[in-house]
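Work through the exercises below with the structure open. Try each task before reading its solution.

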Amino acid sequence: MRHVAIIGAGPSGCYLADQLVRAAPDIEVSVIERLPVPFGLVRYGVAPDHQGTKAVARLFERTLGAERVRFFGHVEVGTDLAMAELAALYDAVVLATGASRERKLGIPGETLPGVFGSGAFVGGYNGHPDAPQLRLAGVRSAVVIGNGNVALDVARVLAKAAAEFAGSDLSPVLTAHLAQQPLETIHVVGRRGPAAAKFTTEELAEFRTLARAAVEVADPAALDAAGSAASPNLEVLKGFVANPVQRPVVVCFHFNQQPTAFVGDERLEGVEFEGPAGARQRLAAQLAVTCIGYETTACGTLVPQRGVFANEQGRIGEGRYVIGWAAHGPNGTIPGSRVAAKALAARMAAEVADHQRAGAVGLATLLVQRGVRIVDHGGWQRIDAAERTRAASDRCREKFTSVAAMLQVMAQ
Amino acid sequence: MRITILVGTMSGTAEMVAEEMEDALRGAGHTVETLVLDDASGPELFTRDGAFVLCMSTYGSGNVPDNVIVLRDALEADRPDLAQVRYGVFALGDHTYQDTFCHGGESFDRLLASLGAQRIGPIRYNDASSSELPEDVGPEWVVEWAEALAASGEPVA
Ligand SMILES: Cc1cc2nc3c(=O)[nH]c(=O)nc-3n(C[C@H](O)[C@H](O)[C@H](O)COP(=O)(O)OP(=O)(O)OC[C@H]3O[C@@H](n4cnc5c(N)ncnc54)[C@H](O)[C@@H]3O)c2cc1C
Ligand SMILES: Cc1cc2nc3c(=O)[nH]c(=O)nc-3n(C[C@H](O)[C@H](O)[C@H](O)COP(=O)(O)O)c2cc1C
């Protein structure tokens with residue numbers, strides 16, 4: 001048997017595990033995840049009201065329960081064991097660790113209460129154990145900085161009425177907390193022009209369907225100035241301008257605005273921007289969320305450069321591979337991970353050599369000796385079942401938001 | 001019966017459903033092969049013996065999955081006569097995308113019909129935002145579909 005360790009149980013790690021066992025009958029895979037729960041950004045990134053997208057977890061669930069695949073949850077490489085120890089147990093090691101550190105703007109006021117990075121805010125509404133509890137106060141106006149799908153997710157979660165979260169896994173407590181904010185305006189602000197926005201068109205168009213929110217564009221002229229290059233996003237934005245509606249909350253898109261400072265005494269009060277020809281403006285805000293990307297972090301002794309692990313088509317070096325956001329940065333979707341996994345699995349099936357290593361059995365022995373509390377596939381299934389069981393009737397799941405609470409389920 | 005399941009998928013759900021369909025059809029005594037479409041899939045695959053099941057999702061604004069595009073474009077360009085082809089459609093979609101719900105499966109169905117192929121039974125729709133799991137209903141549906149296929153006799157081409 002050839003033994004492959006995949007670090008990270010997000011889409012990249014799960015698709016790769018599936019493709020590897022399909023590609024070669026003599027490959028066994030261990031999927032190692034620092035949290036007790038798998039699925040990475042499918043669980044903690046994809047918005048709680050997009051359960052259709054989260055449904056891909058059912059595939060990953062099958063993979064983690066498959067023959068020749070073993071899940072090691074609650075095991076952090078670099079903390080619970082060293083990269084070198086892992087490498088000694090397996091014929092190949094794959095980094096599928098994602099890109100968890102949010103980029104910062106590096107402008108004054110970024111640490112004011114009321115300013116969040118997307119990692120903290122999205123992690124917060126998705127119940128990530130590392131994310132702070134979301135505590136908002138008197139949010140009348142929110143500024144979302146960024147022009148990608150994460151910015152749209154944040155704006156939409158703020159814009160939706162409580163009833164629109166039926167069937168989601170947004171916690172009822174948080175739903176009520178959001179609904180309590182006297183929200184009037186959500187500004188979505190991009191540094192570049194509307195044609196350069198990286199929104200997925202369907203996600204932009206989804207704003208048309210919201211119950212309590214209307215969409216405006218701050219400078220409609222910018223849509224025409226954007227040039228003849230017809231982009232589907234431009235068409236959708238023009239549609240919003242052409243068909244105005246009256247709703248209690250306004251989602252206002254701004255383009256060509258460079259943020260220069262977050263301002264406020266004790267808390268955030270506004271965000272300053274510089275527009276074309278140096279024009280300055282200040283948008284009042286009690287909440288700001290920066291959605292400007294992520295970078296990958298070191299995994300044990302392996303250190304990334306410029307936010308990714310340098311690689312040649314997924315290969316870092318002898319017996320070392322990388323896939324997903326850790327390999328190419330925070331762009332790309334879940335289907336893209338599947339395509340990448342097929343390609344890397346074919347390559348690995350052809351070139352990984354059999355060194356007669358101990359694989360999963362050796363890893364389990366080492367971790368047990370060390371007193372690491374492994375959450376295996378069955379353990380995750382119990383956590384999963386407990387989260388579904390305790391959900392309110394109009395929720396599909398109520399997540400445990402601390403590692404301790406997850407491990408508690410295992411103890412019962 | 002000989003049945004080929006053609007899979008059009010982006011995130012892999014349709015492939016998982018096809019695997020369950022394959023097991024169910026085998027259990028019912030059929031000879032089955034599953035083909036996950038790719039860039040090498042050309043119109044000649046429709047010269048295989050037996051009938052076809054399309055198991056296909058929808059992406060973008062009502063598009064077929066990326067792995068179906070090469071085949072679709074080739075069928076549109078070559079316009080082969082598919083009069084002896086009989087097929088069924090299991091279309092995966094999500095009603096969140098109201099205007100384009102299952103348009104991938106529907107558009108491929110229209111294309112095959114326009115080339116003379118004969119669909120057996122109605123399109124079976126699956127909504128990812130409903131509680132109905134495609135890997136549960138797909139196998140049940142396909143076994144019934146195969147019965148309808150058998151009852152429909154031989155193609156008249
Ligand atoms: C807010 C947001 C919303 C998104 N929405 C969508 C969407 O609607 N549709 C879509 O297609 N895509 C969406 N994406 C993109 C999608 O989530 C990514 O393409 C995908 O998750 C990348 O997969 P990955 O496996 O590379 O990384 P991740 O999903 O981040 O997985 C990495 C995993 O590795 C684990 N890990 C990290 N370090 C270690 C370590 N040292 N030891 C052990 N484990 C470790 C992490 O805990 C994590 O579980 C979204 C992304 C974000 C940020
Ligand atoms: C980006 C994106 C776009 C989608 N567009 C549509 C659509 O236009 N119409 C539809 O019915 N379903 C749409 N869907 C839903 C998928 O078809 C559905 O989730 C399906 O079960 C996925 O199957 P697959 O994993 O085999 O690709 C979309 C899903 C995503 C993530």
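Axes here are lines fitted to C-alpha atoms, for helices over the stretch in contact, and angles run from 0 to 180 degrees between N-to-C directions. Helices (H or I, at least four residues) are DSSP runs, numbered from the N terminus. The model is predicted: local features need pLDDT of at least 70, side-chain atom pairs count only at pLDDT 80 or more, and totals for chains, interfaces and linings use all residues. Residues are numbered from 1 along each chain as its sequence is written, chains are lettered from A and ligands numbered from 1 in the order in which they are written, and side-chain values use heavy atoms, with hydrogens and water left out.

**Exercise 1.** Describe how α1(A) and α4(A) pack.

Step 1. Find the helices: α1 spans residues 11-23 of chain A, and α4 spans residues 57-64 of chain A.

Step 2. Take the geometry. The angle is about 50 degrees, and the axes lie 9 Å apart. That makes α1(A) oblique to α4(A). (Angles under 35 degrees count as roughly parallel, over 145 as roughly antiparallel, 65 to 115 as roughly perpendicular and the rest as oblique.)

Step 3. The crossing of α1(A) and α4(A) is left-handed; that is, the near helix is turned anticlockwise from the far one by less than a right angle, while clockwise would be right-handed.

Step 4. List the contact (heavy atoms within 4.5 Å). From α1(A) come Pro11(A), Cys14(A), Tyr15(A), Ala17(A) and Asp18(A); from α4(A) come Leu59(A), Phe60(A), Thr63(A) and Leu64(A).

Step 5. Sort by class. Seven are nonpolar, one is polar and one is charged. (Ala, Val, Leu, Ile, Met, Phe, Trp, Tyr, Cys and Pro count as nonpolar, Asp, Glu, Lys and Arg as charged, and the others, Gly among them, as polar.)

**Exercise 2.** Describe how α4(A) packs with α1 of chain B.

Step 1. Helix α1(B) covers residues 13-27. Its axis and that of α4(A) are 9 Å apart, at an angle of about 55 degrees. That makes α4(A) oblique to α1(B).

Step 2. The crossing of α4(A) and α1(B) is left-handed.

Step 3. Arg58(A), Leu59(A) and Arg62(A) of α4(A) meet Thr13(B), Met16(B) and Glu20(B) of α1(B). The classes are two nonpolar, one polar and three charged.

**Exercise 3.** Which hand has the crossing of α1(A) and α13(A)?

Step 1. Helix α13(A) runs over residues 334-351. Its axis and that of α1(A) come within 8 Å and cross at roughly 40 degrees. That makes α1(A) oblique to α13(A).

Step 2. The crossing of α1(A) and α13(A) is right-handed.

Step 3. Among the residues in contact are Leu16(A) and Leu20(A) of α1(A), and Ala341(A) and Leu344(A) of α13(A). By class, this contact of α1(A) with α13(A) has eleven nonpolar, three polar and two charged residues.

**Exercise 4.** What lines the largest cavity?

Step 1. On a 1 Å grid over the protein atoms alone, a cavity is a set of points where a 1.4 Å probe fits but cannot get out; lining residues have an atom within 4 Å of a point. A volume is the space filled by probe spheres set on the points, and grid points are joined across faces, edges and corners.

Step 2. The structure holds one cavity of 30 Å³ or more. The largest cavity has a volume of about 100 Å³.

Step 3. Of its 15 lining residues, the closest to the centre are Leu158(A), Lys160(A), Leu178(A), Ala179(A) and Arg212(A). The largest share of the lining, three residues, comes from α8(A).

Step 4. The lining of the largest cavity has eleven nonpolar, two polar and two charged residues.

How values were computed
Helix = DSSP H or I, 4+ residues; strand = E, 2+ residues; numbered from the N terminus. 1 Å grid on protein atoms, 1.4 Å probe; cavity = no way out; pocket = protein on both sides within 12 Å on 5 of 7 lines; lining within 4 Å.
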